[in-house]
Every structure is written in C-alpha cells, then in structure tokens.
Amino acid sequence: MDVAVLGATGDVGRQVCTQLVERRVLPPTSRLQLVGRPQGPSGRAVHGLAADLTDAYDEHAPMLDVALDPSEVVADVVVVAAGRTGGTEPGVPTDRAQLAAHNAQVFATYADALAENGSGHEVVVVVGNPVELGVAIMAQRLPRRRVIGMGAWLDTLRFRREVAVSIGVRRHRVTGFAVGQHGDDLVPLWSTVRVSGLSADERAGVVAQVRGERTLDDYGAELQAAKGALAERASSDMGAAFRLVDSWPPDVRLAARPWMTQQSGAKTAVATASATIDLIETVLDGRDIVVAGQVALDGEVTLEGAPVHGVLGVPVVLGPEGWTQVLLPELAPDEERRLAAVAGRIAAGVRPWLDERVDAQVDGRR
Ligand SMILES: NC(=O)c1ccc[n+]([C@@H]2O[C@H](COP(=O)([O-])OP(=O)(O)OC[C@H]3O[C@@H](n4cnc5c(N)ncnc54)[C@H](O)[C@@H]3O)[C@@H](O)[C@H]2O)c1
C-alpha cells in the first residue's frame, strides 16, 4: 500500500512523513510519495526531505518518491497537508475567510487532479484547514465515502485524554467522541463517554463530578471567555496561561489547550500527525474500526428532525474502502441542539467556496 503526502515539507506534512517511517507503518516494499510544488521552496526542500529520511531510517524506510505536479500524485492513501495555516499571534484571531479563500484553491487543484488521474480507489485524509472545507471540496469531486477529515479524530483523542486526566485514569480506558466542526465549534459528546472498569452508575457519577452542572448550551460562550482570559494571561506569562487551562473542566481544556499551543508559536503538528497516522493505519490495516472524522453526509444523520446533507464531524466506521457507516447514537438534547446548529454553520461557511459547475459536471458523469 502506498501513501502520498501533499505539503510534505510543511510542519504537519514533515511530521506525517517522519512518523510514517519511524513508526514503520509502511513496509520497505511500499512507496511514500512526498509531494511539493514546483513554484515554491517546497519544490527544492522535498528532495532534501527524502534524503534526510533515508539518512535516518534507511534500514526500514519505504521507497521514497518525489512528485511536484498534482497530476503525478498516485497512492492508496492521500494525505492533504498542503495549505496555509491560521494566525498564531497571541490575541490575533485567525481569519478563517482568508484561510478558506487560499486553501480552497489548493484543495480544488489536488481534487481535480485526483479525479482526473487517480485510481478512483484512493482514500483521502484531509488535514489542511478549514478541514470541513477540504472535505467538502474533495467530496464534490471524488467518491464522498473515500474522503475523511482528521479534525474530529484529533478532538476525540484530546477529549478522551482530558476526561481521563480529570478522573485519574489512563487515556486508553476512556472512550467517547468529540464531533462537529474542528475548532471552536466542536461538540464534546458527554453522553458517549465510557470508562472501562466502571459500571454505568459509577461512570455517571464521575462524569457528573468532572462536568458539573454545565450543558453545551453555554459551551460556545465558555470557550470565548476562556480564550479572552488566556490571551490576557499569556501576554505577561505563557506558563501561567497553560496553568490556567489546567484549572478548567475537561471539555473546556479540550479546546483551550490546543488554542494556547497555537498561540505559543509551537503549533500542534506532532499531535496532528499522530492522529493522522491512526487514520492511515486504520485504512491500511484492512479492518473496519470506529473513529471520528469530518465526512460529507447525504442524509445519514438526522438532527432535530432534519437530515444533514453536508460536511459534519461524526463517529464513523473506517476501513480500506473509506467510511462505510455513521455510528451516531441517540444524543442528549443539548448535544443535538449544538450539533444541529454547528451543521448549519459549517454549511454556511463552506457554501461560498463550492463550485456549482463541478456538481453539474460530476452529475453529468454519474
Ligand atoms: N501545524 C499544525 O499544528 C496544524 C494542525 C492541524 C491542521 N493544520 C493545517 O494543515 C495545513 C498545513 O499546516 P502546516 O503547519 O504544515 O503549514 P506550513 O506552512 O508549515 O506548510 C504548508 C505546506 O503547504 C504547502 N502549500 C502552501 N500553499 C500551497 C499551494 N498553493 N499549493 C500547494 N502546496 C501549498 C507548502 O509548500 C507547505 O509544504 C494548514 O492548512 C493548517 O491549518 C496544521
């Protein structure tokens, strides 16, 4: 099985490549395609990256290949890590519209090339932001079940970790999902949390204790207040800002900690790459596994009585053919309200960048 990484020389792309090789996800008989672009510095650096990876891991590295033209991209799994990042200056909000305008072009260029030259069987893992937009654009041009965004899986792993820390167990004992939109519009599904070794009553007790009386109806306002407090604290003492995060409930920490990490200038490339590798391993493994991801729904989920036709982060069964089923259990009323509102906001955010001419062309081919 072969993997291509678009944006291989970026912070995230480089981490994905390194972890793929270091963790021996790909055997020496597989091919890892490092994709750069001819007009940018990545066109040169991508050759150097291939040499550096060989230097470090020659004994077990897969075959390393460089591609500079989107038409040359060919693999069983394509990781989309190309694109601009949001702002990282403390207190300066990310301009999502600007980010969307630039990255929509990047997503569309590669999606068109894959639709034209790909096998039609590749699974595309979208890492670039806004991840929902990446999924929408890719799924407009490629089979939608073969496209998954990794943001909800990263949020899910963070949610499990924060819950585990609060109740004093290791992360692997906690399951449960954080879904919705990657970023401030994520939806931590408290009703899905399970802790191995605890009965339903015991779990309900510890969840009530760490969550408190709060509901998701106030979650958006809580996150805004948290960011304000962090920006103020970080302006004089970055360490104190991270300690402030530690004092909050798990679902607030889930969003606040990575935001603070971005604001610190460190980025979140290592965790992002690690969660991406999980999804790649799942696809390559050949077994169906339940993960969370941003996918293009066509009525598989109904929220507040209305079927969702658009991108949303949800729990799905992922396997070698892409995602096959959505596994969203019955939600608590506050969860369903927030998820329905988020689905609407994603649809509104994505709409300006979708090309209706593509729908017409694709419909014509079907
Ligand atoms: N770094 C993180 O912590 C993180 C976490 C999650 C998601 N992301 C997202 O992943 C994407 C990449 O992030 P990064 O931190 O690696 O950024 P980066 O700036 O380090 O790298 C960007 C990569 O994209 C490529 N690229 C940029 N514009 C391009 C274009 N027009 N065509 C083709 N390639 C282009 C660059 O050559 C480079 O390889 C961003 O969209 C970012 O929002 C980043």
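In which helix is the place of Q19? Q19 sits in helix α1.

## Basis of the model

This is a predicted model: local features need pLDDT of at least 70, side-chain atom pairs count only at pLDDT 80 or more, and totals for chains, interfaces and linings use all residues. Residues are numbered from 1 along each chain as its sequence is written. Helices (H or I, at least four residues) and strands (E, at least two) are DSSP runs, numbered from the N terminus.

## Q19 and its contacts

Q19 touches A273, S274 and I277, leaving aside residues up to four places away in sequence. Contact here means that two C-beta atoms, placed from the backbone, lie within 7 Å. Q19 and I277 are 258 residues apart in sequence. In space, their C-alpha atoms are 7.5 Å apart.

Q19 counts as partly exposed because 16 other C-beta atoms lie within 10 Å. The cut-offs are these: buried is 20 or more other C-beta atoms within 10 Å of the residue's own, exposed is 12 or fewer, and partly exposed is in between, with C-beta atoms placed from the backbone.

## The ligand shell

The ligand is surrounded by 24 residues. The closest are G7, G10, V12, S42 and N129. A residue is near a molecule or strand if its C-beta atom, placed from the backbone, lies within 6 Å of it.

Helices α1 (11-22), α3 (96-117) and α10 (269-285) each supply at least two residues of this shell. Helix α1 gives the most, with three residues. By class, the shell has six nonpolar, 14 polar and four charged residues. Ala, Val, Leu, Ile, Met, Phe, Trp, Tyr, Cys and Pro count as nonpolar, Asp, Glu, Lys and Arg as charged, and the others, Gly among them, as polar.

Strand β4 covers residues 77-80. V77 and V79 point one way, V78 and V80 the other way. All are buried.

Strand β1 (residues 3-6) runs parallel to β4, joined by four bridges. L6 has V80 as its bridge partner in β4. Strand β5 (residues 123-126) also pairs with β4 in the parallel sense, over four bridges. There, V79 is bridged to V125. Strands pair if DSSP finds at least two bridges between them.

## Helices α7 and α9

Two packed helices are described by the angle between their axes and the distance between the axes. For α7 (residues 219-234) and α9 (residues 250-263), the axes come within 10 Å and cross at roughly 40°. Axes are lines fitted to C-alpha atoms, for helices over the stretch in contact, and angles run from 0 to 180 degrees between N-to-C directions.

On the α7 side, the contact includes Y219, L223 and L230. The contact has ten nonpolar, one polar and three charged residues.

## Backbone exceptions

Most residues other than glycine have a negative phi, and most peptide bonds are trans. A cis peptide bond joins N129 and P130, with omega about -10°. P130 is in the loop between β5 and α4 (131-141).

K267 is not a glycine, yet has a positive phi of about 60°. K267 lies in the loop between α9 and α10. With 16 other C-beta atoms within 10 Å, K267 is partly exposed. E304, also a residue other than glycine, has a positive phi near 50°. This residue, E304, lies in the loop between β9 (289-303) and β10 (306-319). E304 counts as exposed because 12 C-beta neighbours lie inside 10 Å.
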